[in-house]
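Student: I am new to this structure and would like to learn how to read its features. May we go through them one at a time?

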Amino acid sequence: MTRRNFIHAGAALTAAAHVSKASPGDKIAVGVIGTGARAQELMQSILQRPQDAEIVGVVDAYKGRVERALDRTGGRAKAYPDYHELLAQKSIDAVVVATPDHWHRRIILDAIAAGKDVYSEKPMTYRCSEGVEIIQAARTAGRIVQVGSQGVSSDSDRKAKDLILSGKLGKVTMIRASYNRNTASGAWIYPIPPDASPKTVNWEMFLGTAPKRPFSLERFFRWRCYEDYSGGIATDLFVHLCTTIHYLMDAKMPSAVMAMGELYRWKESRDVPDTINALLQYPEGFAVSLGSSFNNQFSSEAGFQVLGTEGTLTITGGGISFYPENVREDNRWIVESWPKALEDAYYQDPKVIAAEVQQRPAAPVQHFKDEGPEPTLAHFGHFFESIRTRKPYWEDAVAGHHAASCAHLINLSAKQKRLVEWDFGKDDIRA
Ligand SMILES: NC(=O)c1ccc[n+]([C@@H]2O[C@H](COP(=O)([O-])OP(=O)(O)OC[C@H]3O[C@@H](n4cnc5c(N)ncnc54)[C@H](O)[C@@H]3O)[C@@H](O)[C@H]2O)c1
């Protein structure tokens with residue numbers, strides 16, 4: 001068999017393997033790898049879709065979370081000692097990857113190699129170069145990879161996209177988006193479970209290929225605070241903002257990024273910034289300004305302002321609002337400096353009268369409530385449908401790679417204090 005034929009045969013087998021899941025009655029068997037805080041939420045969403053899927057396997061590096069995960073499935077799932085054993089189960093169709101970020105690439109690639117479809121939490125990658133590797137692996141094996149920035153499955157994001165596409169905002173040239181917090185919990189200083197110890201926590205399983213360090217409950221339970229496992233604010237929060245912006249604007253990647261980050265306050269507990277401001281320039285013809293502070297939450301926790309020549313669209317948790325620009329030309333202060341006769345003549349011109357003198361009714365502000373299902377529930381709806389139809393949802397490995405790469409560009413720019421660029425040919429950071 002030639003390599004080409006072999007790949008074709010493989011693809012045919014893959015398709016055959018999934019015929020059984022094509023009809024709605026067949027439940028998709030799901031394994032959850034990393035059953036921490038987010039995974040427990042994800043499991044609750046999956047449990048709300050009993051007609052689609054069933055959680056049959058779980059694995060985690062802390063006993064307490066395995067216990068809670070088994071609890072949530074009513075004891076129906078099996079606990080595995082490590083993720084390789086879970087992946088070896090032929091009966092498992094798909095996996096959820098919700099480990100700390102430094103593990104995502106390895107587990108996604110192993111899951112693809114084991115023939116599973118994958119729902120990976122964001123950020124899809126810990127390093128930029130991992131993105132192309134995952135995209136290629138998924139394509140070659142014909143696997144679905146969906147990434148977990150669930151906001152794009154919200155009713156609000158869909159309505160916002162429709163409004164932007166309809167031209168209601170005019171030409172959009174700038175988007176501001178932010179994530180602000182002012183609590184220890186918001187700054188990822190989470191409580192550590194009282195029973196956590198080397199007996200209940202598998203330190204080596206958590207570390208993986210991260211630098212060897214002595215056992216640390218702070219690092220294990222608050223891993224976002226440390227570069228060894230996370231890209232901090234950019235990969236944790238900005239990745240959501242960039243995913244939504246790419247979805248709304250049909251945009252791929254910024255061509256250039258400049259960012260500054262600083263650690264002002266939570267110094268004793270982290271090595272990543274608690275404040276970041278970033279500017280992203282898109283070849284599609286608009287710029288983005290992202291900001292995040294962990295030291296003030298005056299503006300809402302997360303939000304967007306999409307600024308167009310005809311109006312502004314804001315997106316917050318509860319829904320979206322459209323604020324028309326209602327602009328009117330006004331040249332009085334200029335024309336009043338002309339000779340009086342010229343000023344008088346200026347205001348006789350019908351075009352000037354129409355543009356500057358006549359009153360026009362102001363267009364009203366419009367509010368649209370989010371009426372859809374909870375975004376994570378909707379996001380899993382897309383994932384399960386993709387598994388059955390073999391057609392990926394919008395937030396596939398490519399979208400996941402690009403959103404995560406914005407975060408990597410931001411971190412690189414902030415660290416090196418320089419403008420960094422995207423190489424569209426390589427689909428990676430310009431060296
Ligand atoms: N989409 C969202 O809104 C959202 C929200 C929160 C977190 N997340 C993402 O979810 C992921 C998990 O975040 P979290 O807040 O749940 O963190 P967490 O620390 O609560 O959970 C991670 C779990 O992974 C386990 N783990 C570590 N290494 C493992 C390994 N090799 N095999 C199996 N399990 C392992 C840990 O024991 C831990 O319980 C992150 O990638 C994060 O960015 C997404």
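Tutor: Let us begin with contact, which means heavy atoms within 4.5 Å. Please note that the model is predicted.

Student: Which residues is Pro193 in contact with, leaving aside its neighbours within four places in sequence?

Tutor: They are Tyr62 and Phe221. Pro193 itself belongs to the loop between strand S7 (172-180) and helix H8 (203-207). Its C-alpha atom is separated by 27 Å from that of Asn296, a residue 103 places apart from Pro193 along the chain.

Student: How are the strands of a sheet held together in general?

Tutor: Strands of a sheet pair through backbone hydrogen bonds, and the pairing is either parallel or antiparallel. Strands S12 and S13 run antiparallel and are joined by 6 bridges; Ile320 in S13 is the bridge partner of Ile315.

Student: Is Ser293 buried or exposed?

Tutor: A residue counts as buried under 20% relative accessible area. Ser293 has 17%, so it is buried. This residue is found in strand S10 and touches Tyr179, Asn180, Arg181 and Asp274, not counting residues up to four places away in sequence. The side chain of Ser293 also reaches the backbone nitrogen of Asn295 at 2.9 Å.

Note on methods. Residues are numbered from 1 along each chain as its sequence is written. This is a predicted model: local features need pLDDT of at least 70, side-chain atom pairs count only at pLDDT 80 or more; totals for chains, interfaces and linings use all residues. Side-chain values use heavy atoms; hydrogens and water are left out. Helices (H or I, at least four residues) and strands (E, at least two) are DSSP runs, numbered from the N terminus. Buried means under 20% relative accessible area, exposed over 50%, partly exposed in between (1.4 Å probe, protein chains only). A polar contact is a pair of N or O atoms within 3.5 Å; within protein, one must be able to donate a hydrogen and the other to accept it, and residues adjacent in sequence count only if both atoms are side-chain atoms. Two strands pair if DSSP finds at least two bridges between them.
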